[in-house]
Amino acid sequence: MTHQLSSPDFHGEEKSEQLTSIGQIKPELYRLRQGDQGDGKQGDTCGKISFLLRYAFNTEQLVVKILKALDLPAKDANGFSDPYVKIYLLPDRKKKFQTKVHRKTLNPVFNETFQFGVPLAELHSRKLHFSIYDFDRFSRHDLIGQVVVDNLLDFSEGTGEKPVWRDIVEGTAEKADLGELNFSLCYLPTAGRLTITIIKATNLKAMDLTGFSDPYVKASLVCEGRRLKKRKTSIKKNTLNPTYNEALVFDIPNENIENVSLIIAVMDYDCIGHNEVIGMCRMGSDADGPGREHWTAMLANPRKPIEHWHQLVEVDSVTAWSVCVQCPLYKPSPC
């Protein structure tokens with residue numbers, strides 16, 4: 001999803017880079033015109049971010065080049081952070097771009113270019129949202145701060161040669177953005193067969209320092225708190241938007257289909273340490289919201305694949321398979 005543009009897309013870019021090198025920053029670049037600040041929530045500032053903006057009229061794309069950040073706060077015990085940036089074109093939060101992670105620095109230089117397709121007529125109602133994070137391999141990534149830029153129509157009149165500087169406003173913790181999973185459910189009552197076709201996932205959380213993950217999908221059949229059987233897809237290397245189109249099949253007698261549920265987890269493969277859960281969702285008659293609706297639609301339409309998108313959520317108590325209840329269907333295998 002990331003579209004890298006070659007340097008000729010920004011004429012005079014090299015000159016601009018020299019003007020914004022450390023020790024040569026022009027003070028006037030920090031003075032904001034009225035209305036340029038956006039509608040970000042007020043809070044303590046925690047560094048600055050620099051970027052280039054221009055609008056490509058011929059392709060109707062907003063082109064954003066993230067240049068660098070300065071004076072970020074230290075989030076790690078070593079006195080540094082491992083920063084990266086996510087950008088959205090609000091109000092759409094499904095399509096996002098993300099820079100690479102930069103290790104052990106408070107002044108990262110990104111120089112990465114992204115583009116959003118948006119008609120000129122809609123530009124006045126859109127806002128560019130930057131979220132700066134500290135990467136953490138073993139826990140939730142820390143939100144360092146945010147920047148919201150509105151009045152994007154003003155930038156369409158420029159050439160995109162002059163760097164824009166914004167104060168990064170300290171942000172509160174956001175809801176975990178783990179990605180979405182697309183799959184279908186199909187049940188054949190006469191054969192007692194449940195088929196889960198894992199189609200694809202989008203916008204997965206980056207689990208590796210490369211800014212990517214090595215995702216695969218694991219489906220577990222659960223009865224009254226115990227995991228009975230599991231199936232998994234192949235591993236897709238170095239991607240946050242994997243495509244699978246793989247079928248996972250479970251044999252479940254028709255008289256027992258109401259007693260089981262599914263835990264579908266997207267995992268990050270690690271050849272050295274333990275594989276980690278990126279996010280999960282639950283299907284079943286006792287699941288919440290979309291999981292119950294998808295399951296009900298499957299039962300109401302036997303022999304027909306029912307396809308839905310599901311937002312991934314963090315691992316919680318629904319994955320605790322340690323409940324000591326004997327399932328009437330199978331002899332459970334150890335977790």
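Predicted model: local features only at pLDDT ≥ 70, side-chain atom pairs only at ≥ 80, totals over all residues.
**Exercise 1. Classify the aromatic pair formed by Tyr84 and Tyr133, and state where the two residues lie.**

Solution. 
Step 1. Five aromatic pairs are found when the whole structure is searched. For the pair of Tyr84 and Tyr133, the centre-to-centre separation is 5.5 Å and the angle between the planes is 15 degrees.
Step 2. Centres within 6.5 Å qualify as a pair, and planes under 30 degrees apart count as stacked. The pair of Tyr84 and Tyr133 is therefore stacked.
Step 3. A residue is buried if its relative accessible area is under 20%. Tyr84, at 2%, is therefore buried, and so is Tyr133, at 7%.
Step 4. The face of Tyr133 also has Lys86 lying over it, 4.9 Å from the ring centre.
Step 5. Elsewhere among the aromatic residues, ring pairs join Phe97, Phe114 and Phe116 into a cluster.

**Exercise 2. Is Arg126 buried or exposed, and which residues does Arg126 touch?**

Solution. 
Step 1. Arg126 is placed in the loop that connects strand 5 (109-117) with strand 6.
Step 2. The relative accessible area of Arg126 is 13%, so Arg126 is buried.
Step 3. If residues up to four places away in sequence are not counted, Arg126 touches Leu89, Leu90, Pro91, Asp92, Val118 and Leu152.
Step 4. For Leu89 there is a further detail: its backbone oxygen is 3.2 Å from a polar side-chain atom of Arg126.

**Exercise 3. Identify which members of the largest nonpolar core touch the most other members, and which elements each supply at least two of its residues.**

Solution. 
Step 1. The largest nonpolar core has 33 residues, of which Leu181, Phe183, Ile196, Leu262, Ile264 and Trp295 touch the most other members.
Step 2. At least two residues of this core come from each of strand 9 (180-188), strand 10 (193-202), strand 11 (215-223), strand 13 (243-251), strand 14 (261-268), strand 15 (276-284) and helix 3 (289-300).
Step 3. Not counting residues up to four places away in sequence, the contacts of Leu262 include Leu185, Ile196, Phe250, Met283 and Trp295.
Step 4. Another core, of 29 residues, lies apart from this one; among its members are Leu53, Ile66, Ala69 and Phe116.
Step 5. Strand 14 and strand 15 run antiparallel and are joined by eight bridges. Ala265 has Met280 of strand 15 as its bridge partner.
Step 6. Since seven of the nine residues of strand 15 are buried, strand 15 is largely enclosed by the rest of the structure.

Technical notes. Residues numbered from 1 in each chain as written. Heavy atoms only, no water. Phe/Tyr/Trp six-rings, centres within 6.5 Å; stacked < 30°, edge-to-face > 60°. Helix = DSSP H or I, 4+ residues; strand = E, 2+ residues; numbered from the N terminus. Buried < 20%, exposed > 50% of the residue type's maximum accessible area, 1.4 Å probe, protein only. Lys NZ or Arg CZ within 6 Å of the ring centre and 35° of its normal. Polar contact = N/O pair within 3.5 Å; in protein donor to acceptor, adjacent residues only side chain to side chain. Contact = heavy atoms within 4.5 Å. Core = buried A, V, L, I, M, F, W, Y, C linked by side-chain atoms within 4.5 Å. Pairing = 2+ DSSP bridges.
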